[in-house]
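The sequence and structure come first.

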Amino acid sequence: MTIRFDKLGVVIAAIVAYAAFAAPFATFRANRIVPGEARSILESLPTAVGPSLLEIVVIAAIIALLKTPLILRLVASVVALAALAILIGVAGDFLTPEGNTFARISPASGFWLLIFAFTLLLADVLTRLNLSPWARVGVLVVAALAIGLLLVSGSWNSLSILKEYANRADSFWAEGSKHVTLALGSLAAAAVVGLPLGILCHRVDKLRAGVLNVLNIIQTIPSIALFGLLIAPLGWVATHVPGAASLGIRGIGTAPAFVALFLYSLLPVVANTVVGLAGVPRAANDAARGMGMTDRQRLFGVEFPLAFPVILTGIRIVLVQNIGLATIAALIGGGGFGVFVFQGVGQTAMDLVLLGAVPTVALAFAAAIILDAVIEMTSTRRREVQTA
Amino acid sequence: MIEIEGITKRYDATTVVDDVSMLIEPRTIAVIVGTSGSGKTTLLRMINRLVEPTAGVIKLDGADNRSLPGYELRRSIGYAIQGHGLFPHRTVAQNIATVPVLLGWDKARIKARVDELMTLYQLDPEAFGPRYPHELSGGQQQRVGVARALAAEPHVLLMDEPFGALDPIIRNKAQEDLLAIQKRFGTTIILVTHDMEEAVHMGDKIAVMDAGKLVQYARPAEILAKPASAFVETLVGASEKPFRLLSLGRVRDAVEKGTAEGEAIPGDASQRDALAELLWSGRPALPVKGDDGKPLGRVTVDGLVKRAARPA
């Protein structure tokens, strides 16, 4: 039997080899802002555990490297990820000197590379398994539950990022809900304004080029500049329009952040609405008119359902983009996870930066998976073979 | 009865349909033939007011077609187009039910009508009703398109190149089906095509259009025998004329006394098919049988050749 290599597996095995043997697994720092000292896998874990982790990682890498059955690759990636997730907590406990509350243990490049390599393997397996939309959401839920369980069980409590969290538990959830409100609220506003605007642009040729150009220009304004540009007009509104200030409209804070995110969201929503409506088959439209549908019946009965998957794609772009962009809102006092990022940068405390960045990335990732699944469900509903 | 009186359509400086008048008898098929750009589709679309005429009047059973709002008028007129225009996100049953739903029929009546039409078109309602259009073959999609146009029992059916996207064999079948259904419901059909063969085969009368003008409006035999202009002559196709003339007649009308050897041809077959069979088998005569299988007589090459000659 000849040994055959998996193309992606070669890359994964190379990353694993470097990450497991040459890169540091964890970083030890005497306190939260001094530079850290690197620790390898064997140094980070108790004598019995270190070699086992190396074994697991190496076996999983070999499975990835060779052409192996999908189910074996799935098991290998899940076992490796689970082992890494549990043992980084063990490393935290092991490396923290007894009774020392200043020492900080954080995952280092080797750990992150290993996570990256096996996530790549897992993602590849899941793609090749060609899972249904529901199954993909299911995988997401299981992963979220597993991470939640590890967080609740306290096995990661000795890691530096959770020590930062422990100091800021209240503000973490407050900023988190502000972050989500900003991202979702501006998306909702963009949908309420953008959908009718897109329909109007589709119907009125003259309007289309103008509106899309203006929205394009807004997209090119750097986000920090747009946040800044809005301070003056909103400040003016707050002082001159009665009642505006009591609604929370001010030059800095949530209002300009909300407005900026809303403006950024408009282009994808409007453009995708226009493209989606333009993609409705001419014959279907002609038939709809010829059979006596009114303009409204045609819009809601034919054009909109057929354009819906494309419009949803626009919404997906906006949601993922907004979750990321909302981080910048913290710069002008808008709140959100960005607060921790900028505080962390200010204090050169990388763990604090991560406390803001990791949940943002996780949220964006989850939003992308869920909306992709919804898009696939709406566009395949009409393609399903119904066996009645 | 459809009366088209002095209908003109102009877009800016170009006249697409130029002062066309014609009268379509109830329960007949009128075929509008012409090259692309002749204005035939625009003329058709002015009947259900998808296009509003610049001048002129169209009356349906005596009533001006502008006496109702456009969308209400269109619900009372069947409409089938090339490439069928089925709604890809709706099932076959939902597609067929489109106009009855717009008209607010009750559910039982809609279901009964959809089942009736699907059965008529040899599509099992149980099996095909819940399917989506992309799961059907081209011929089935076309049948669903026509069934949808007929759903609300319209007196008038407008068809814009309904068989254009079909392969020749399926097209023949679709044409026969349409003729049978027209007889059954007595629908008045106005059909647009660029195919003279189809026009001669389907039409009780043929309207030939060229550059927006109605050049000739007559029975197929007359169009073949006395083309009104060089354009009509070209459209008919000089070398095809005798065969098209024969295709209009049935074998039973060309029967002579006597007997002949070989397998009998049914009296319903076209004279063109009979001649083709005679020429191909190299025989001078064929026996003819009636619907009940009884012999009616025979057709001869000589007899058919005389019939293919230009009428006096």
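Helices (H or I, at least four residues) and strands (E, at least two) are DSSP runs, numbered from the N terminus. The model is predicted, and local features need pLDDT of at least 70, side-chain atom pairs count only at pLDDT 80 or more, and totals for chains, interfaces and linings use all residues. Residues are numbered from 1 along each chain as its sequence is written, while chains are lettered from A and ligands numbered from 1 in the order in which they are written.

**Chain B overall**

Chain B contains 14 helices and 13 strands. Its C-alpha trace spans about 60 × 50 × 30 Å along the principal axes. The radius of gyration, taken over C-alpha atoms, is compared with a globule rule of 2.2 Å times the number of residues to the power 0.38. For 312 residues a compact globule would have a value near 20 Å, and the 21 Å of chain B agrees with this. Of the 312 residues in chain B, 42% are buried (20 or more other C-beta atoms within 10 Å of the residue's own; exposed means 12 or fewer, partly exposed in between, with C-beta atoms placed from the backbone). Contacts require C-beta atoms, placed from the backbone, to lie within 7 Å. Among contacts in chain B between residues at least 6 apart in sequence, 64% join residues at least 24 apart.

**The sheet in chain B**

Strands pair if DSSP finds at least two bridges between them. Six strands of chain B form an open sheet in the order S6-S7-S8-S3-S9-S10, with mixed pairing. Its edge strands, S6 (77-81) and S10 (213-218) of chain B, each pair on one side only. S7 (residues 156-160) and S8 (residues 188-193) of chain B pair in the parallel sense over five bridges; B:Leu157 has B:Ile189 in S8(B) as its bridge partner. Helix H1 (residues 40-47) of chain B lies across S3 (29-34), S7, S8 and S9 (205-210) of chain B, and runs at about 155 degrees to S8(B). Axes here are lines fitted to C-alpha atoms, for helices over the stretch in contact, and angles run from 0 to 180 degrees between N-to-C directions.

**A helix pair in chain A**

Helices H9 (residues 205-220) and H11 (residues 254-278) of chain A pack at about 145 degrees, with axes 8 Å apart. Among the residues that meet are A:Leu212 and A:Leu215 in H9(A), and A:Leu267 and A:Val270 in H11(A).

**Two residues**

B:Gln142 is found in helix H7 (residues 138-150) of chain B, and counts as buried because 27 C-beta neighbours lie inside 10 Å. Beyond neighbours within four places in sequence, B:Gln142 is in contact with B:His84, B:Pro162, B:Leu166 and B:Ala174.

A:Arg32 is found in the loop between strand S1 (26-29) and strand S2 (37-39) of chain A. With 19 other C-beta atoms within 10 Å, A:Arg32 is partly exposed. Its contacts, leaving aside neighbours within four places in sequence, are A:Arg104, A:Ser160, A:Ala349 and A:Asp351.

| Pair | Apart in sequence | C-alpha to C-alpha |
|---|---|---|
| B:Gln142 and B:Thr234 | 92 residues | 30 Å |
| A:Arg32 and A:Ala349 | 317 residues | 6.4 Å |

**The interface**

The contact takes 22 residues from chain B and 18 residues from chain A. On the side of chain B that touches chain A, helix H2 (70-75), S6 and helix H4 (98-103) of chain B each supply at least two residues. H2(B) gives the largest share, four residues.

Terms used
Two residues are in contact if their C-beta atoms, placed from the backbone, lie within 7 Å.
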